[in-house]
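Subject: Structure handover

Hello,

The structure is below, with notes on what was found in it. Please read the notes with the model open.

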Amino acid sequence: MQNVESQNTRNFALIGHAGDGKTSLGEAILSAAGATHELGKVDEGTSVLNYLPEEQDGGHIASISAHIYALDWKGNHLTLVDTPGDRNFHGDGLVALQALDGAVLVLSAVDGAKAGSEKMLLAARESNTSVLAFVNGVDRERANFANSIESLGSLGVKPAVVAFPMGENESLSGVIDVLHMKAVTASGSTDIPDEYADEASSRREALAEAVAESDDVLLEKYLEEGELSEQEIRVGLVQGAKNGQLMPVLCGSATAEVGVELLLRDLMELLPSPVERGEWPATNLANSEEGSVAADADGTFSAVVMKTIIDRYAGTLSALRVVSGTLKPDTGILNATSDEKVRVAKLLSLQGDKHTEVPEAGPGDVVAVAKLKGTHTGNVLTAEKGGVRLAELNVPQGVISYAIEAADQKDEDKVFSSLHRLCEEDPSLHVGREEMTGEFLLTGMGDLHIRTTVKKLVRMFDVKINL
């Protein structure tokens, strides 16, 4: 992990409906950035993001957990979080969105926006997270870019097209970059072919209009001069995406690696840095005064715990998003949620299921720390002295419960200790007891969530339960 300025740091989630290609897009981003040596393929079991056995079980290939991958690209540091699309496993993504600065809403070029698209977009808006859209699979049969753009209207979104496809279905050959007025193909950036020149001009004009309508100053200039510069459009897109007034839209094919280089560049240009995101509300622990903290590497350390990971080698890992200050190994910090002092040993950068030690973490960085006693997803951390308390992250509550018992009575203690560890990793799970009957209950986000948990119990702890 490079030690870069906060201005050159981005963290973002891939969000959307199940099956629309979020993980495939994540793999394509990693490949385009040089973070992986070859394109990981979900359907072939070579994905570095979908690495859990349950995610490739019996042909049912789908993300069941939010996976974090930190990467460096052209002097920038990015953290990608691939979130599950299935409603049974939305919990991880809902928590992560509260901790991150940006998101990419992945839409199917065939089906457009769906229920999962709407749910995750609403969550992003509630977290004040900036969102771009990527229409994926433009090379598929029945793909229709125009219909996908139109479907965004059903989500209350004003699309601002910054890239459109050169051909569709089997004829997809690249994308037109409307912001920079270039054609982007596998061979690089070139002049726009004559057959796309008129559409590019009209879409550039529509883009300028959309941006102008979201900002009074830009609107005044546009009405006076009839155009906006590339930089003015970029600034307007960043601001519009941040306040939800418009959504920049790109397109391509993750599996064919079309349009991904452009997306990678626009992640840096159109999503906010930790500095541009703005200050976080915080309470001064010394005097209880309400205030805020900025993304200042020299400021008071503060962070949120966005995920807990049970690792077979490292034990329990807490994934922290640093909000302010700088965290270094062998440092004492305060869990402001529980008011307990804890000690940070090593800092780990996460690349899927692989971990690399790093010397420090600053604003916007996501790092993991092993064995932080009494620390759970949603908790807030700060400096031992002169600390501040950020707002805790909201953790979704389960909606369906099953009565449970150990399949073998002698394993009862092991079953419940193991279940509690899984609940620590996935806070949308809960183990409780029905007062009327005395039965133990396992509560989760859906039937598939519960049954997947049963499989994880067998794999990770070698114990079985009856539902």
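Predicted model: local features only at pLDDT ≥ 70, side-chain atom pairs only at ≥ 80, totals over all residues.

Strand 26 and strand 27 (residues 440-444) run antiparallel and are joined by 4 bridges. Strands here are DSSP runs of E with at least two residues, helices are runs of H or I with at least four, and both are numbered from the N terminus.

Residues are numbered from 1 along each chain as its sequence is written, and side-chain values use heavy atoms, without hydrogens and water.

The open sheet has 4 strands in the order 26-27-25-28, with antiparallel pairing; two strands pair if DSSP finds at least two bridges between them. Strand 26 (430-433) and strand 28 (465-466) are the edge strands, each pairing on one side only.

Helix 10 (residues 412-425) lies across strands 25 (400-406), 26, 27 and 28, at about 135° to strand 26. Axes are lines fitted to C-alpha atoms, for helices over the stretch in contact (heavy atoms within 4.5 Å), and angles run from 0 to 180 degrees between N-to-C directions.

Elsewhere, S324 belongs to strand 17 (residues 315-324). S324 counts as buried because its relative accessible area is 2%, where buried means under 20% (1.4 Å probe, protein chains only). Beyond its neighbours within four places in sequence, the contacts of S324 include V293, D296 and P363.

Regards

Definitions and conventions: Buried < 20%, exposed > 50% of the residue type's maximum accessible area, 1.4 Å probe, protein only.
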